[in-house]
Amino acid sequence: MYSLHGLKYFILTCVITATFCFSCKKIKTSEEQKPEPKLLAQVFHYKLTFDDIKDLIQSYATAEDSIQQVRTLTEHWVRDRLLLVEAENNFPKEVNMNKLLEDYRQSLVMHFFEQQVIEERLDTVITESDLQRYYEANKEQHRLESGLLRGYYFKIRKPQNRFDKILTWWKTFPERHYDEVLNYVNKHARTNWSDTTEWHEMNMVIQLFPEGTLSPAAVRFNRGVAREDRDYLYLLYPLEVYYEGDISPLSRIRAQAARYIIHQRELELLESIKKEIYDRDIQLDQVKIYTE
């Protein structure tokens, strides 16, 4: 390892040299000798030079920061190489490294080819019909382990004004006084769930109410709930409710269903490509099978 003074001198020298070469626009000739790369560290027979890490070095305002970055990169390299040497020393002698490398090379080549085919030919458009077919075929895989609901939930500080109408409006919400309630909670609610597309765990929602004031059985479709304690009103209006053991609604598993559909299409496409290649090269007499 280099001292702070040595590293600082080396980096400043590199910067000055690079600046001079750029400003002079000197064209190297074939006769010029390339200088030896600056050695930063050595672990057994492995060597790290400044050229190996120069593309990783970021621009810093001070030489000290640059030096610290070089030290950090060097330290990481040393640790990695020590681990590599230890692994090499303990690598089983009976393992055929050349075969492992060839198998890995083949896997990489096939992987990149498959990815190219998928990017070029995969149909990624998923319709509502596609999602519905998946849902009907896989319902039993999506039974709920706990209840779910979506709807409106508001936590509001109890009105101090006797002319406040929020509880009166709530009795007929959302069929009537919808705008009045939404305007009111936008101004006064401590918690405001107006996005009714989002699903919530029922147990979590029940915990938002004063302890012991709400049970799963009391949570019903299209039936408003109002509870209170000394300081707050707690208002819930479920638009959809599902209990433990029910089949999950499609709207909750749309993303999961879409991923499954795409994955199945990828598998089918790759099998189709394999068959196309097989049939083509069999016809071209590029395949010889000697097991028959």
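Trainee: Where does proline 174 lie?
Mentor: Proline 174 sits in the loop between α6 (166-170) and α7 (178-188). Keep in mind that this is a predicted model.

Trainee: Good, now phenylalanine 44. Why is phenylalanine 44 called exposed?
Mentor: Its relative accessible area is 57%, and exposed means over 50%, so phenylalanine 44 is called exposed. You will find phenylalanine 44 in the loop between β1 (39-43) and β2 (46-49). Its phi is positive, about 55 degrees, although the residue is not a glycine.

Trainee: And why is aspartate 285 called partly exposed?
Mentor: Aspartate 285 has a relative accessible area of 48%. Buried needs under 20% and exposed needs over 50%, so 48% falls in between and aspartate 285 is partly exposed. Aspartate 285 is in the segment after α9 (254-283), and its phi, near 60 degrees, is positive in a residue other than glycine.

Trainee: Let's turn to the strands. How do you know that β3 pairs with β5?
Mentor: A pair needs at least two bridges. Two bridges join β3 to β5 (residues 200-201), so these antiparallel strands count as a pair. Leucine 148 stands opposite glutamate 201 there.

Trainee: What makes β3 and β7 a pair?
Mentor: 10 bridges join β3 to β7 (residues 232-242), against the required at least two, so they pair, running antiparallel. In β7, tyrosine 237 is the bridge partner of tyrosine 152.

Trainee: What makes β3 mostly covered?
Mentor: Eight of the 10 residues in β3 (residues 148-157) are buried.

Notes. Residues are numbered from 1 along each chain as its sequence is written. This is a predicted model: local features need pLDDT of at least 70, side-chain atom pairs count only at pLDDT 80 or more; totals for chains, interfaces and linings use all residues. Side-chain values use heavy atoms; hydrogens and water are left out. Buried means under 20% relative accessible area, exposed over 50%, partly exposed in between (1.4 Å probe, protein chains only). Helices (H or I, at least four residues) and strands (E, at least two) are DSSP runs, numbered from the N terminus.
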